[in-house]
Amino acid sequence: MIETLLITVLIIAIAVALLSVKLIFRRNGSFSSQHIHDSKAMRDRGIHCVIDQDREARRRGGAW
């Protein structure tokens, strides 16, 4: 039981360390934004986030 718990904690620690490599080793490192409205490719395709879609639907009177 303890061995399984230690292995699990070790795997989680390794995953967190690998996810934070960019933050640790780069100056001013940060995660890129995952929001749809921050993606140029999504904007070019006309894809909006749900909040923008809801706002547009309410303006048109089609949100029920």
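The model shown in every view is predicted.

Figure 1. Along the sequence, the elements follow the pattern α-α-α-α. The radius of gyration is 20 Å, well over the 11 Å that the globule rule gives for 64 residues, so the protein is more spread out than a compact globule. Taken along the principal axes, the box filled by the C-alpha atoms is roughly 60 × 35 × 15 Å. Of the 64 residues in the protein, 6% are buried.

**Figure 2. Helix α1 and its cover.** Helix α1 runs through residues 2–19. The helix has 18 residues, and the distance from its first C-alpha to its last is 26 Å. This span is close to the 26 Å expected at 1.5 Å a residue. How many of the 18 residues of α1 are buried? The count is 0, and α1 is therefore described as hardly covered, since a buried residue must have under 20% relative accessible area.

**Figure 3. Ser20 in the loop between α1 and α2.** The loop that holds Ser20 lies between α1 (2–19) and α2 (21–25). Is Ser20 buried or exposed? Ser20 counts as buried because its relative accessibility is 17%, and the cut-off for a buried residue is under 20%. A polar atom of the Ser20 side chain lies 3.2 Å from the backbone oxygen of Ala17.

**Figure 4. A nonpolar patch on the surface.** The patch is formed by Leu10, Ile14, Leu18, Val21, Leu23, Ile24 and Phe25, which together have about 710 Å² of accessible area. The elements that give two or more residues to this patch are α1 and α2. Which element gives the most? It is α2, with 4 residues. Ile14, one of the residues of the patch, has its place in helix α1.

**Figure 5. The salt bridge of Lys40 and Asp44 in helix α3.** The protein has a count of 3 salt bridges, and one of them joins Lys40 to Asp44. The closest N and O atoms of this pair are 3.0 Å apart. Side chains of opposite charge can pair when their charged atoms come close. Both residues belong to helix α3 (residues 40–45), and they are 4 residues apart, about one turn of the helix. An α-helix has 3.6 residues a turn, so residues three or four places apart point the same way. Lys40 is exposed, and Asp44 is exposed as well.

**Figure 6. The salt bridge of Arg55 and Asp52 in helix α4.** In this pair the closest N and O atoms are 2.9 Å apart. Where do the two residues lie? Arg55 and Asp52 are found in helix α4 (residues 50–60), and because they are 3 residues apart, about one helical turn separates them. Arg55 counts as partly exposed, at 40% relative accessibility.

**Figure 7. The salt bridge of Arg58 and Asp54 in helix α4.** The side chains of Arg58 and Asp54 meet with an N to O distance of 2.9 Å. Both residues lie in helix α4, where they are 4 residues apart, about one turn of the helix. Asp54 has a relative accessible area of 34% and is partly exposed.

**Figure 8. Ile36 in the loop between α2 and α3.** Ile36 is partly exposed, with a relative accessible area of 31%. How far apart are Ile36 and Glu3 in space? From C-alpha to C-alpha they are 42 Å apart, and in sequence they are 33 residues apart.

Technical notes. Residues numbered from 1 in each chain as written. Predicted model: local features only at pLDDT ≥ 70, side-chain atom pairs only at ≥ 80, totals over all residues. Heavy atoms only, no water. Buried < 20%, exposed > 50% of the residue type's maximum accessible area, 1.4 Å probe, protein only. Polar contact = N/O pair within 3.5 Å; in protein donor to acceptor, adjacent residues only side chain to side chain. Expected span 1.5 Å × (residues − 1). Salt bridge = Lys/Arg side-chain N within 4 Å of Asp/Glu carboxyl O. Patch = residues over 30% accessible without salt bridge, like charges linked within 9 Å, V, L, I, M, F, W, Y side chains within 5 Å. Areas by Shrake-Rupley, 256 points an atom, 1.4 Å probe, with all protein chains shown as cover. Rg over C-alpha atoms; globule rule 2.2 N^0.38 Å.
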